[in-house]
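Student: Could we go through this structure together, please?
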Amino acid sequence: MAEKSKGQKKFEKLSYEKKNYFEVASKEEREKMFAFAEGYKKFLDNGKTEREACDAAVAIAKEHGFSEYKFGDPLKAGDKKYFINRGKSVVVFRVGSKNLEEDGLRILASHIDCPRVDIKQVPLYEEGGMCFLKTHYYGGIKKYQWTAIPLALHGAVILKDGSKVEIRVGEDENDPVFYINDLLPHLAAEQMQQNAAKVIEGEQLNVLVGGLPYDDEDVKEKIKLTVLSILHEKYGMCEEDFLSAELSAVPAFKARDVGFDRALIGAYGHDDRVCSYPALMSVVENESEHTVLCMLVDKEEIGSEGTTGLQCEVYEDLMEEISLAFGANFRRVKAASKCLSADVTAAYDPNFANVFEKKNAAMLSCGAGICKFTGARGKSGSNDASAEFLGEVRQMFEKEGVVWQTAELGKVDIGGGGTVAKFVANMNIDTVDIGVPVISMHAPYEVISKADLYSNYRAFVALMK
Ligand code: MN
Ligand code: MN
């Protein structure tokens with residue numbers, strides 16, 4: 001190879017270009033990426049709703065010697081704890097040895113709820129030889145994507161007597177699955193003329209749950225009775241118990257490697273478990289002198305509202321309790337804290353190149369994407385992290401050799417989106433968004449790169465160093 005010219009050398013020194021993490025990783029590091037992905041796929045299959053993801057996270061924390069914390073419990077340096085909020089969100093934390101007022105908290109915040117199709121409170125009806133459940137979708141979905149695929153039913157029912165039964169049907173190979181009907185192309189001429197938001201409408205997202213008539217001439221709704229009988233036999237349910245149920249139809253697909261080379265993973269719910277899992281693992285697997293919190297929260301997909309969303313004061317209460325346990329001034333603790341708000345971003349997709357601005361879009365396999373800002377139009381609704389904090393995070397990553405990139409969700413005027421970052425920042429905590437680039441975000445089956453998953457993990461570990 002010819003010697004590089006003076007100008008070429010200078011250009012290399014002064015210019016910036018993002019790198020493909022697979023390309024620059026050593027053989028050992030690549031092996032680690034692939035090994036890490038195996039645990040992640042199990043986590044995905046074990047937790048398809050926030051309740052199940054919460055349980056799965058608690059199980060992993062327990063395996064690593066963490067124990068439950070409740071408000072008011074004593075805390076000391078070295079403690080490994082988890083705080084469960086209503087079975088739908090969990091904060092896994094490690095108490096460090098550093099002074100809280102000087103060092104603050106190191107926070108990883110991600111969400112464990114995903115877009116899905118929720119069952120209504122009076123859902124069951126029979127028509128045309130079929131029995132269905134009425135639904136109301138949760139989060140931003142393209143409704144037409146949820147028809148004609150196998151679905152599983154997950155959730156909890158509070159029976160009349162107050163007892164709770166958990167439902168999970170459609171995940172085991174021997175389970176039946178459920179289904180949302182679509183129209184055959186032969187009769188779809190009119191449907192195909194509709195815009196995509198209208199191709200399938202909300203009230204058409206009815207889940208097919210039965211077709212066998214009950215053997216009794218005198219009963220009017222025979223298929224409905226068959227379904228009710230099975231629900232009663234299996235779960236002790238009557239139709240009225242749907243009133244106090246929280247059931248969701250989710251894709252019945254398992255997480256699988258994608259591509260001949262297995263570089264990618266296809267799964268339901270990468271948004272945002274592809275951040276939740278590495279955040280959790282970084283805290284349970286690594287010691288730290290800092291006090292580190294991994295917050296796995298609910299309701300991000302509908303605005304972080306309610307008692308389990310990040311806008312609820314319970315999370316700030318927990319931080320205050322930790323501070324109080326060490327006699328620290330909570331205001332000083334917050335002011336010294338740092339947060340990586342871990343949520344996915346859109347990966348540049350050459351099939352839809354026109355919505356991306358290529359220089360600033362997250363490129364698949366180029367590492368976790370730091371979004372200085374999110375929001376829409378003029379950064380509206382965004383936590384716009386400061387250059388100072390970005391500089392700090394950049395140095396942190398540099399020191400640990402994290403391969404990362406910056407990311408912007410699409411072209412300026414095309415659309416946008418928000419994350420939990422602004423709610424943490426509102427507490428007076430320096431926060432920046434970071435996350436894995438996703439292909440087909442919010443679809444029933446999304447795709448990510450194993451390199452980006454591992455880069456996210458490395459970035460979280462760097463925050464703990
Ligand atoms: Mn998300
Ligand atoms: Mn989302």
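Student: What should I know about the model before we start?
Tutor: This is a predicted model, in which local features need pLDDT of at least 70, side-chain atom pairs count only at pLDDT 80 or more, and totals for chains, interfaces and linings use all residues. Residues are numbered from 1 along each chain as its sequence is written, chains are lettered from A and ligands numbered from 1 in the order in which they are written, and side-chain values use heavy atoms, with hydrogens and water left out.
Student: Which residues coordinate the manganese ion (ligand 1)?
Tutor: H111 (NE2), D271 (OD) and D343 (OD) do so, at 2.1 to 2.5 Å. Donors are N, O and S atoms within 2.8 Å of the metal (3.2 Å for Na, K and Ca); water is not among the atoms, so sites may look incomplete.
Student: How far apart are ligand 1 and ligand 2?
Tutor: The two manganese ions are 3.3 Å apart, and D271 coordinates both.
Student: Are H111 and D343 buried or exposed?
Tutor: Both are buried. Buried means under 20% relative accessible area, exposed over 50%, and partly exposed in between (1.4 Å probe, protein chains only).
Student: Changing topic, why is S288 classed as it is?
Tutor: S288 counts as buried because its relative accessible area is 18%.
Student: And what about T374?
Tutor: T374 is also buried, with a relative accessible area of 16%. T374 and G418 are 44 residues apart in sequence, yet their C-alpha atoms are 5.7 Å apart in space.
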